[in-house]
Amino acid sequence: MITEKIEKLLEEVKGLSTNNAEEIEQLRIKYLSKKGEISQLMNDFREVPAELKKTVGMKINELKQLAIDKINELKENTGSAQTQNSLLDLTRTSYPIKLGTRHPLMLVQNEIIEIFQRMGFTLASSPEIDDDLHVFTKLNFAADHPARDMQDTFFIEADNENVTNNVILRSHTSNDQSHYMETHEPPIRVICPGRVFRNEAISARAHCFFHQVEGLYVDKNVSFTDLKQVLLSFAREMFGADTRIRLRPSYFPFTEPSAEMDISCNICGGDGCGFCKHTGWVEILGCGMVDPNVLEACGIDSSVYTGYAFGMGVERITNLKYRVSDLRLFSENDTRFLKEFESAK
Ligand code: PHE
């Protein structure tokens, strides 16, 4: 008796068809609500002899699942039919097709990447949210050293007992050095572009996030001469064949010796103008020979290998190339500004 009823309902449910939302709701009530057909079956189920309970129970479950699937299927069909009807305007023209433009920072970042790729560097990446170990400690920033003040960042998790455990937004792409050296054997020749964060008040000249490209080269017999020649080639490719460079001694915990690199001002050609504060030079990057402590902290034998690293700000290079006077323009999403770069590649 009950099995016949189940079979009959199974057939009925299989055959259901409508794309009217109200009718579907009626069907749901008829089959699946508390007082619906399937719940009724549950009442009859009590009368079923024990030896048949298993097969009959399975049949009821099958019916219930079928009803759920069927009703969902009907609902989905009406959904798409309705959106198609209401949103599809066949008379609307598809012209003019509005294309976006590449963001100036990405244009310049890609150009930097291409130049270094032509010199044999490959791309690497490292996390924007990282631990202190990789952003600072392994890069030779001692836990209590004032060098940490050079780059204030944002903290996600702070461990006052052991700063190495802090989870932070990286303040430079140099965390790529520690990640890459930990997981790769020399020879290493990589560049790492990416976003970095600093706890700075936002103004025309500073922002709390910006972009950098880091470079790292580790092998036997790498010297400062190699670094200088690679940076000179880069500057000439990027700013023109007449560009001159100069290296000024500087300090970074992770390089020794360290330098800052200026290029001859590409606006006045080195004669002196407002942009270069009448010096003829503009600073574009920091660089140096990887400190042996850093190599060792990352598992590389500093008695066998040497290396150089450099890091540059993409905003800075973009300003030089396109004379953008206010850093904030880069992240305001003003399409009038972005459209000005339409013709740039
Ligand atoms: N990480 C440094 C900064 O952000 C730049 C740098 C990179 C300097 C690599 C030397 C070597 O200021």
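Mentor: Lys277 is exposed, because 11 other C-beta atoms lie within 10 Å in this predicted model, and a residue counts as exposed at 12 or fewer. Lys277 sits in the loop between β8 and β9, the latter strand covering 281-290. Its backbone deserves attention: phi of Lys277 is near 50°, a positive value in a residue other than glycine. Most residues other than glycine have a negative phi, and most peptide bonds are trans.

Arg323, which is not glycine, has a positive phi near 50°. Arg323 belongs to the loop between α10 (314-322) and α11 (335-339). With 10 C-beta neighbours inside 10 Å, Arg323 counts as exposed.

The peptide bonds come next. The bond from Glu256 to Pro257 is cis, with omega near -5°. Pro257 is placed within strand β8, which comprises residues 255-264. Pro187 lies in a loop, between α7 (175-183) and β5 (188-197).

A further proline, Pro127, may be considered for its surroundings. Pro127 is found in the loop between β1 (122-123) and β2. Pro127 counts as partly exposed, because 14 C-beta neighbours fall inside 10 Å, whereas a residue is exposed at 12 or fewer and buried at 20 or more. From Pro127 to Ala259 the separation is 132 residues in sequence and 26 Å in space, C-alpha to C-alpha.

Strand β2 takes part in an open sheet of 3 strands, ordered β2-β4-β3 with antiparallel pairing. Its edge strands are β2 (129-131) and β3 (155-157), each of which pairs on one side only. On average, neighbouring strands of this sheet are turned by 35° against each other, direction ignored. Between β2 and β4 (residues 167-169), which run antiparallel, there are 3 bridges. In one of the residue pairings, Asp131 has Val167 in β4 as its bridge partner.

Technical notes. Residues numbered from 1 in each chain as written. Predicted model: local features only at pLDDT ≥ 70, side-chain atom pairs only at ≥ 80, totals over all residues. Pairing = 2+ DSSP bridges. Helix = DSSP H or I, 4+ residues; strand = E, 2+ residues; numbered from the N terminus. Axes fitted to C-alpha atoms, helices over the stretch in contact; angles between N-to-C directions.
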